[in-house]
Amino acid sequence: RVADKKQTINFLVYDAKGGDIESSGNQLFLSLRGVYLLVISALKLDVLTCEMWLESIATFAKSAPAIIVATHMDLVTDREQTLKDLKLMAKHLRSRFRNIANVAAVSIETRSEIHLLQNAIVSTAFKTSFVPAKLPRSWLDLETKILSLKNVAAPVMPVNELEAMAYDSGVPDKASFNTALSYLHEVGVVAYFPNRNADLVVVDRSWLYNMLRTLFERAGQSTGLLRQRKLREIWKGEDEDHQMLTQDIFDLYGLVHRLDSDKFFISALLPPYPNPDVLSCAWPPMGDDKLLGRIIRFRWWPRGIFSLLISRCMQQQKWMVEEYWSGGVLLSTDKTRALLRQAGLEMSILVRGND
């Protein structure tokens with residue numbers, strides 16, 4: 001909670017985890033009405049991590065501002081060189097991501113420059129289009145009631161119950177409730193997707209993260225393909241309507257791809273490399289067949305696009321999917337084979353055959 005002489009800003013803070021699989025779920029908390037702190041160590045200015053998060057923000061939170069924060073400045077041996085390197089890294093990132101609002105170098109141990117970071121957060125928030133707007137007190141009261149439900153009530157609520165709570169908070173009518181609900185979704189307090197399920201609203205987004213984590217922990221060694229019955233076993237104990245809602249939301253975020261009414265594809269469960277035996281059989285040494293190759297370099301590569309490509313390959317009928325892994329897919333027809341691979345901002349396409 002930060003106040004100046006004229007108004008007060010309340011920040012709802014989420015600390016995103018950084019595990020390889022768990023990080024897949026962090027996009028569930030990315031909000032259009034957010035200010036993002038990308039925290040890295042000044043001992044290792046990890047540009048790849050920054051790029052990964054900035055790509056996620058650009059995909060799911062559009063132009064929401066980000067601040068790069070380098071910590072552990074008390075441990076660096078050459079402060080001036082570190083600041084210079086940080087400035088160069090920020091310049092490189094800004095050439096691709098225009099939403100970088102500020103850069104800060106701090107020490108939690110000595111509290112050095114913490115006040116400057118606080119000022120940067122507040123000033124960045126005030127420069128957004130949404131903070132200067134005046135909100136009805138009833139919306140804020142409703143938000144407070146929803147946050148108080150965490151860990152003491154069901155994480156999913158019928159919309160009509162939330163509507164009744166809104167009226168008790170002073171929201172005057174149906175139209176105002178719909179606007180307030182849209183606002184609460186945008187700030188990340190609730191998750192509501194009326195095009196997928198207009199009857200239920202998630203009032204605790206951390207529940208979605210826990211559902212995803214349970215899925216990863218219980219799926220076991222997998223080809224990335226799960227059937228509806230297996231999902232029910234994994235989420236045993238959860239209400240069936242809540243399970244269906246979770247499937248819809250995960251499909252919307254690209255965490256789970258629905259192939260048909262019974263089968264789902266989950267790219268986060270895929271191995272990082274292909275099975276060498278399958279690959280050598282499906283892509284044997286070159287003979288008399290012809291080879292055509294293309295390398296495509298992208299300026300920006302939204303997260304989840306390649307997994308979506310793999311799922312689309314699985315759904316089409318012309319090509320057979322011989323092998324797939326987190327960064328590639330091998331397709332074939334009677335006379336032609338195609339190998340698609342993705343690494344960073346680059347995708348390579350190899351096609352071979354007699355035609």
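These legends walk through several close-up views of the predicted model.

Residues are numbered from 1 along each chain as its sequence is written. Because this is a predicted model, local features need pLDDT of at least 70 and side-chain atom pairs count only at pLDDT 80 or more, while totals for chains, interfaces and linings use all residues; side-chain values use heavy atoms, with hydrogens and water left out.

**View 1. The whole protein, to get your bearings.** The protein has 11 helices and 15 strands; these are DSSP runs, numbered from the N terminus, with helices being H or I of at least four residues and strands being E of at least two. Along the principal axes, the C-alpha atoms fill a box of roughly 80 × 55 × 30 Å. Of the 355 residues, 45% count as buried, where buried means under 20% relative accessible area, exposed means over 50%, and partly exposed lies in between (1.4 Å probe, protein chains only). Among contacts between residues at least 6 apart in sequence, 65% join residues at least 24 apart; a contact here means heavy atoms within 4.5 Å.

**View 2. Helices α1 and α2 packed together.** Look for helix α1 (residues 47-60) and helix α2 (residues 79-94), which pack at an angle of about 35° with their axes 11 Å apart. The axes are lines fitted to C-alpha atoms over the stretch in contact, and angles run from 0 to 180 degrees between N-to-C directions. Helix α1 passes α2 in a right-handed crossing, a term for the near helix being turned clockwise from the far one by less than a right angle, with anticlockwise giving a left-handed one. On the α1 side the contact is made by Val 47, Cys 50, Glu 51 and Leu 54, and on the α2 side by Met 89, His 92 and Leu 93. By class, that contact has five nonpolar, one polar and one charged residues. Here Ala, Val, Leu, Ile, Met, Phe, Trp, Tyr, Cys and Pro count as nonpolar, Asp, Glu, Lys and Arg as charged, and the others, Gly among them, as polar.

View 3. Ala 61 sits in the loop between α1 and β4 and is buried, with a relative accessible area of 1%. Leaving out residues up to four places away in sequence, Ala 61 touches Leu 30, Ser 31, Leu 32, Tyr 36 and Ser 56. Ala 61 and Ser 31 are 30 residues apart in sequence, and 5.4 Å apart in space from C-alpha to C-alpha. Lys 62 is in the loop between α1 and β4 (66-71), and counts as exposed at 52% relative accessibility. Lys 62 has a positive phi of about 55° although it is not a glycine. Most residues other than glycine have a negative phi.

**View 4. His 72, in the loop between β4 and α2.** This is the place of His 72, which has a positive phi of about 65° without being a glycine. At 37% relative accessibility, His 72 counts as partly exposed.

**View 5. Helix α9 and what covers it.** The 13 residues of helix α9 (residues 240-252) should span 18 Å at 1.5 Å a residue, and the end C-alpha atoms are 19 Å apart, which agrees; the expected span is 1.5 Å times one less than the number of residues. Buried residues of α9 include His 242, Leu 245, Ile 249 and Phe 250. Among the elements covering the buried residues are β6 (156-158), β7 (200-202), α7 (205-219) and α8 (228-234). At the start of α9, a side-chain oxygen of Asp 239 reaches to within 2.8 Å of the backbone nitrogen of Asp 241. Just after α9, Gly 254 takes a positive phi of about 75°.

**View 6. His 257 in strand β9.** His 257 is found in β9 and is buried, with a relative accessible area of 6%. A polar contact of 3.3 Å joins the side chains of His 257 and Ser 307; a polar contact is a pair of N or O atoms within 3.5 Å, and within protein one must be able to donate a hydrogen and the other to accept it, with residues adjacent in sequence counting only if both atoms are side-chain atoms.

**View 7. Ser 348 in strand β15.** Ser 348 belongs to strand β15 (residues 346-353) and is buried, with a relative accessible area of 16%.
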